[in-house]
Amino acid sequence: MSKTESLAKNTLSPSLQRKQRQRKESLAAYAFLAPSILIFAVFTFFPAIFSMVAGFFRWNLPYDPVFTGLSNFEFLFVDDIGAAEFGKSVLNTLYFMLGIPINICVSLWIAVMLNRRLPGVGIFRTAFFLPTLTSMAAISVVWMWLYHPADYGLFNTLLIRFGLPIQSWLRDPVLAMPCLIVLGVWRGMGYNIVIFLAGLQSIPHDLYEASEIDGANWWGQFRLITLPLLSPTTFYILIIGVINSLKAFAEIDIMTQGGPLGATTTLAYYLYQYAFQYFQIGLASAVAIVLFVFILVLTLIQFKVVEKRVHYG
Amino acid sequence: MTKILKAIVLIAALSSVMLVGCGGDANSNSAGTIDKDGHITIEFWYALGGNSGEVVEELVNQFNQSQTEITVIGTYQGGYASSMAKLWNALSAKTPPAVAQIGGAPLVGNTGAIIPITDFLNQSGDFDRDDIWEVFWDYNSAGGQIWSMPFNHSVPMLFYNRDLFISAGLDPDQPPETWDEVIQYGQLLTTDTDDNGEIDQWGFNTKDDTHWYLSTMFMENGVEIVNSDETEVLYTSPEAVEMLTLWGDFVHKHKIMPPNQHDESKGDFLAGKVGMLLMSSSNVPGTIQDAPFDVGVAMFPTIAGKERVVPVGGASLIILDHDNELIKQAAWTFIKYMANQESSLYLSTHTGYLPIYKAALEWPEMQSYLEDNHRSEEAILQLEYAESIPLFSALGSSDAQLRVAIEAIELGTSSPQEVLDHAKEVVDGVLLDNLQDQ
């Protein structure tokens, strides 16, 4: 063995060893990931790809699928009847998403209120979180009593006490969607409050102390310290909120079935109607594709526009 | 390294087991199996939950105990809509059960997935078609074939609160017979009980399957729902508009029914807040049990001077096609048992469903049952006026469109003619579109 050879071996071997170790580690990682990848592939990834393809077929169960190109999209965007109801469900979805900013404001306000050392604050934190733990089906049934259209419904009892005319709530095409939004805010804020509280508590206290010495008032502190440093949390809540409102289903199915007069038929519910009531799998898949593009565009906008304003402290 | 390799192999093995589990075997095991001794086991999917579901299970048990060659395994698949969805999916995946209970069975007929009952009825001499009401055979037929075996059927009825009748000065033994009387009684029953300026007791309402009651009113007024070629619906005629106008008048003109509160109506009726309610006869025992007041059950109101006619609803039993003749015969043996007189008696005396036999009222067991449960009798008597409501390929969207039409009329957003024209446009489109599949 010449001197150069042994030198080369000595210099190469550590990197070779490292490579081997890396390969070992990644093999182990893949092995541990395999079960979840498999479940994800079979129950999420494959169906997603499958419905991407099915959207281009005419497929009315139990008949076999027939390739029809863009005809499903033609129904959704061009056809007199189809485009009218589809367009309405898109608008309804956007309307329903009005709940997100409302939810963010309300939960942030409550989180700031709860972010103090007060006796009994734990009880309030628990109370606000409780709706999040309750099943949406149970909540919907209880809220149907609150929203009962007769004069013995709880909200109507309150209206009568204040001398106001009673309302039909969920049975009124104008009020139905606001009713669902209010329910969504009430139900969703518990989770948001907890996330906001965590965000608030991670803001260094010395910033507030320093600003106080500089003469900042409460509003100035909130606007110039709390809000900017909380922006990653707000961004996260915004994204979660968008996803949650796009997939809202249980409350609509239980409380309004998309009515009255289609006033609460969101994209997700519209998809459900075509897939599981009319059994038009192809058309429902086309709606799913549109919903996917919708979410994609919204998420891109969020990342492009909103992330510029997000400060990672 | 060897440890990691082992782990990978193990996971790969587990994964393949999972995948196999997902795939299933297309034809052999889903509907039924035959073991070495020739014992046949078949799958039966049913669609009734709660008390009615237990009664179906009990009938399956009775069948299993009545003989030794066949074992039936019954599985609840959710309500009619959910059962239908699961059956469609199972047919798509080629894993259907041997027998299923579904509503609107003839609609599955032209898919080729089920064997017409006609085939079996013709070959077996032990089942006399004439014993069963003709309307049930009609309801289960399409294109000259009987596709399904009548099983659990019901008719729409007028339920009323006898206590409220007495308070309103009405005779609880004289329920309204015509729509004019419904309006007249309804006005007496509609009041503001707590004097707060808001009506809180309504004279009249219907359960949330509003399309069924409107269809009944259409039939009463001689409206054909669909043409014989099934290419267009016919409920834009003046007779149909007249009935939807009457419906709107309940809300706006006579003010005996609250607008668009059908989801709440049964709860309100049970709470004593509704005087008269249209519901399926399948609700008779349950309502009597749940209501804290004396419930009355009357025949569906009619148009003065016109003949009474009501549709039948409910579900039937179908035999899914199968390669194995023995399994098909086992399925036939089973549904023949489920529809025989003893089973029909058991079903109709333990649930709100009707006996399908013409002679039911003469059976001694039925007579003694009706002595204690006289309110179940009206529905059976009403069978004499029952006619089959047409089943056609766009029935699902037609029903949905009729419900929306009713909503629009009750909320006062358009006129009966407009909403029915719109419904026709949508449903005719679906009918035309469906032709492509057939």
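Student: What radius of gyration does chain A have, next to a compact globule of 313 residues?
Tutor: Chain A has 27 Å, whereas a compact globule of 313 residues would have a value near 20 Å. The radius is taken over C-alpha atoms, and the globule rule is 2.2 Å times the number of residues to the power 0.38. Keep in mind that this is a predicted model, where local features need pLDDT of at least 70, side-chain atom pairs count only at pLDDT 80 or more, and totals for chains, interfaces and linings use all residues. Residues are numbered from 1 along each chain as its sequence is written, and chains are lettered from A in the order in which they are written.

Student: OK, what box do the C-alpha atoms of chain A fill?
Tutor: Roughly 100 × 70 × 30 Å, taken along the principal axes.

Student: And how much of chain A is buried?
Tutor: 39% of its 313 residues count as buried, meaning under 20% relative accessible area with a 1.4 Å probe, protein chains only.

Student: How many helices and strands are in chain A?
Tutor: Chain A has 13 helices and 2 strands. Those are DSSP runs, with helices being H or I of at least four residues and strands E of at least two, numbered from the N terminus.

Student: Switching to chain B: at what angle do helix 14 and helix 15 pack?
Tutor: About 5°, with the axes of helix 14 (residues 341-350) of chain B and helix 15 (residues 364-372) of chain B 11 Å apart. That makes the two helices of chain B roughly parallel, a label for angles under 35 degrees.

Student: Which residues make the contact?
Tutor: B:Leu345, B:Ser348 and B:Thr349 come from helix 14 of chain B, and B:Glu365, B:Met366 and B:Tyr369 from helix 15 of chain B. Contact here means heavy atoms within 4.5 Å.

Technical notes: Side-chain values use heavy atoms; hydrogens and water are left out. Axes are lines fitted to C-alpha atoms, for helices over the stretch in contact, and angles run from 0 to 180 degrees between N-to-C directions. Angles under 35 degrees count as roughly parallel, over 145 as roughly antiparallel, 65 to 115 as roughly perpendicular and the rest as oblique. Buried means under 20% relative accessible area, exposed over 50%, partly exposed in between (1.4 Å probe, protein chains only).
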